[in-house]
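Subject: Structure handover

Dear colleague,

Please find the structure below, with the sequence. My notes on what was found in it follow.

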Amino acid sequence: MARIAEQVIEQVRSSVDIVDIIGEYVQLTKRGYNFFGLCPFHMEKTPSFAVNPNKQIYKCFGCGSGGGTINFVMEIEKMEFIEAIKFLAEKYNIEVNLETKKSSKFFSQLFEIHNLAANLYQQNLKTPKGLQILNYLNKRGINNDTINEFQIGFSLNKWSFLLDETRKNNFKSDALIQSGLFINGDKGYYDRFRNRIMFPISDRSNKIIAFGGRVFDSNDPAKYINSSETPIYNKSKVFYGLSNTKGFLSKENTAIVVEGYLDLIQLFQNDIKNVVAVSGTSFTDSHALELNKYVKNVKIAYDGDNAGKNAAIRSGYVLLKNGFFPEIVVIPENTDPDDWIQKEGPIPLKNAIKNSINLFEFQYKNSDIDDSNPNSISNLVNDILKEISDVVDPVHKELCIRSIAKVTNLNENTLFESLSNMNSKKSFKTNYDKKSKKTNNNDLTNYNLLEDELIQICFSNDSKTRLFIYENMNTEWMISKSVKSIFNEIFIHLHSEYKPDINVVMDGIKDANYRQKFAALIFDIDKKILSIDAAIECLTRIEKSFLKRKLNSLRESLNILKSDELKSILIEISNIQSSLNNIKFKYDKFNKN
Ligand SMILES: [Zn+2]
């Protein structure tokens, strides 16, 4: 992957303004020093999404999302860090120079060719044959607004319609050849798509990268054909419709996966907008990873025939292995979601979506088990357990087992046993048996606040206070993983005469949840007193808590120790005890200056 020069990142950081950028997605109103609006990351009716222009950070008090400008772009456009930098650089005309001139031209030509093709296909709807297609789509219940929104078009019944048009535009021949839109035959190149209803397929950022074509009044046995894979189109990663629906996926936190273009379009038009389609390929791990960026829940709504049911189960297991608990929408025998809406309107389908069932239940119900034959149940359960054995996360695995037990009426322990026999080397069973230790929740919450406060004090205006933390804080004392990794990003800035730059720290924090935590801690920091006294108090209490924890665990170990080890432990205990007694004097010299 191409690297981006540090100075470009710096230039982007100093050029962008968070209010401008977020203002393009959210209507912001000024209230006091901050701006407020409706959060784009969760459903809400009263604004709890706040932007702090001084700190150049945002924070939602409803769902907890937060970060700097670059993080906002990453979150809302689902981009990686580098992509977000490029995106912002382009907006502010900052030269990025990531690719050589030639390759960037090649890629932009591929996009231009697709864009041109989509426009031409749309214009073709005005031809007599095109009007027949419009009529056909309207009859299926798809209205002209939807047709425009999805840029549906028509490829004429000619061998070189698109080829001739692209040639007029002086595209480079390697771009044309690699566009996937032409086939190299005995007599030279010709159009891949002829006499078909055309569905443009876009990438996340809404650039057209391929097409799907459906037959129209011909007896071509291939009902659907797709673009071949190209440098810009990887079938196993792309969802049809995602560029139109990604905002709805995030808002609902649920994705409905369908099989076909027309399923997706029909659902979308009937106000079921959190939908994506796998088209021209089966559901892959990459698809699951892509969905994971937007949603925690997935419902599969494939065709109601046997092929569709089997594909739904296969897709379900791909999702399961990637950390989801997929559910399946039960579609009536021999119909598909598109047909169903055409016949009965959207309500039955909406109910079916609401009442979707889990993968195991679906598989169980659709297998032809003979209840009187124990072998048939045992075979099915073994098949299911084989799939489960690939699930890595022990909690996820346990939840699967519970759910299978419920569906099959088998005992959980029996299922666990079969599973651990299946992969006896793996030790998840012991994890399952382990009881988690009881912790006193109240104490822990109070303690966590202390570590949070430490992060805030790092942004004190007083350089001596920051230096105090730099010289005296020991990360070994910390419990919270998130605070520890935030602190590690701040640490090197603490001995500088300038306050740490919030956005530099923000971009250094790689985990999105930790960034949110950091944004939350820093958002209202101006209201806090961040003095050296507060720092001393905070460090003292953190260290004290650390020493006490250590003391407790040493005392516990006394019970199980042999006598020869006892002495050294007792010495350690007394050392810790005296550190604890002296801790209140530890920082005296800092108070006296
Ligand atoms: Zn929110």
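Helices (H or I, at least four residues) and strands (E, at least two) are DSSP runs, numbered from the N terminus. By that rule, Ser-403 lies in helix α18, which covers residues 394-408. This is a predicted model, in which local features need pLDDT of at least 70 and side-chain atom pairs count only at pLDDT 80 or more, while totals for chains, interfaces and linings use all residues. Residues are numbered from 1 along each chain as its sequence is written, and side-chain values use heavy atoms, with hydrogens and water left out.

To finish with Ser-403: it is buried because its relative accessible area is 14% (buried means under 20% relative accessible area, exposed over 50%, partly exposed in between, with a 1.4 Å probe and protein chains only). Not counting residues up to four places away in sequence, Ser-403 touches Asn-358 and Phe-360 (contact means heavy atoms within 4.5 Å).

Domains and cores

The domain assignment of the chain gives domain 1 (6-91), domain 2 (101-226), domain 3 (242-365), domain 4 (367-433) and domain 5 (441-591); the bounds come from an automatic or database domain assignment. Domain 2 and domain 3 have C-alpha centres 26 Å apart. Their contact takes 19 residues from domain 2 and 19 residues from domain 3.

The largest nonpolar core has 59 residues, of which Phe-211, Tyr-240 and Leu-349 touch the most other members. (A nonpolar core is a set of buried Ala, Val, Leu, Ile, Met, Phe, Trp, Tyr and Cys residues joined through side-chain atoms within 4.5 Å.) Helix α5 (residues 101-123) gives the most to this core, namely 8 residues. At least three residues of this core come from each of domain 2 (101-226) and domain 3 (242-365). A second, separate core holds 48 residues, including Cys-458, Ile-486, Ile-502 and Leu-539.

Tyr-240 has contacts on both sides of its own position in the sequence: leaving out residues up to four places away, it touches Phe-150, Phe-199, Pro-200, Ile-201, Tyr-261, Leu-264, Ile-265, Val-276, Ala-277 and Ser-279.

Zinc site and the strands around β3

The protein donors of the zinc ion are Cys-39 (SG), His-42 (ND1), Cys-60 (SG) and Cys-63 (SG), lying 2.1 to 2.3 Å from it. (Donors are N, O and S atoms within 2.8 Å of the metal, or 3.2 Å for Na, K and Ca; water is not among the atoms, so sites may look incomplete.) The donor residues are spaced C-x2-H-x17-C-x2-C in sequence. The arrangement is tetrahedral because the 4 donor atoms subtend angles of 101 to 117° around the zinc ion; four donors count as tetrahedral if all angles lie between 85 and 135 degrees. Cys-39 counts as buried, at 1% relative accessibility, and His-42 is buried too, with a relative accessible area of 17%.

Strand β2 (residues 34-37) and β3 run antiparallel and are joined by 3 bridges (two strands pair if DSSP finds at least two bridges between them). Gly-37 has Phe-49 as its bridge partner in β3. On the other pairing, 4 bridges join β3 to strand β4 (residues 57-60), also antiparallel, and Val-51 stands opposite Tyr-58 in β4. These two strands, β3 and β4, form a hairpin with 4 residues between them, and Gln-56 in the turn has a positive phi of about 55°. From strand β3 (residues 49-52), Phe-49 and Val-51 point one way and Ala-50 and Asn-52 the other, and all are buried.

Other strands

An open sheet of 5 strands has the order β13-β12-β14-β15-β16, with mixed pairing. Its edge strands, β13 (275-277) and β16 (357-358), each pair on one side only. Strand β12 (residues 254-258) runs parallel to β13, joined by 3 bridges, and Val-257 stands opposite Val-276 in β13.

Strands β7 (residues 182-185) and β8 (residues 188-191) run antiparallel with 4 bridges and form a hairpin with 2 residues between them. The bridge partner of Phe-182 in β8 is Asp-191.

Arg-196 lies in strand β9 (residues 196-202) and counts as buried, at 3% relative accessibility. Among the residues that Arg-196 touches are Phe-154, Asp-220 and Tyr-224.

Regards

Definitions and conventions. Four donors count as tetrahedral if all angles lie between 85 and 135 degrees; four count as square planar and six as octahedral if opposite donors are over 155 degrees apart and all others between 65 and 115; anything else is irregular.
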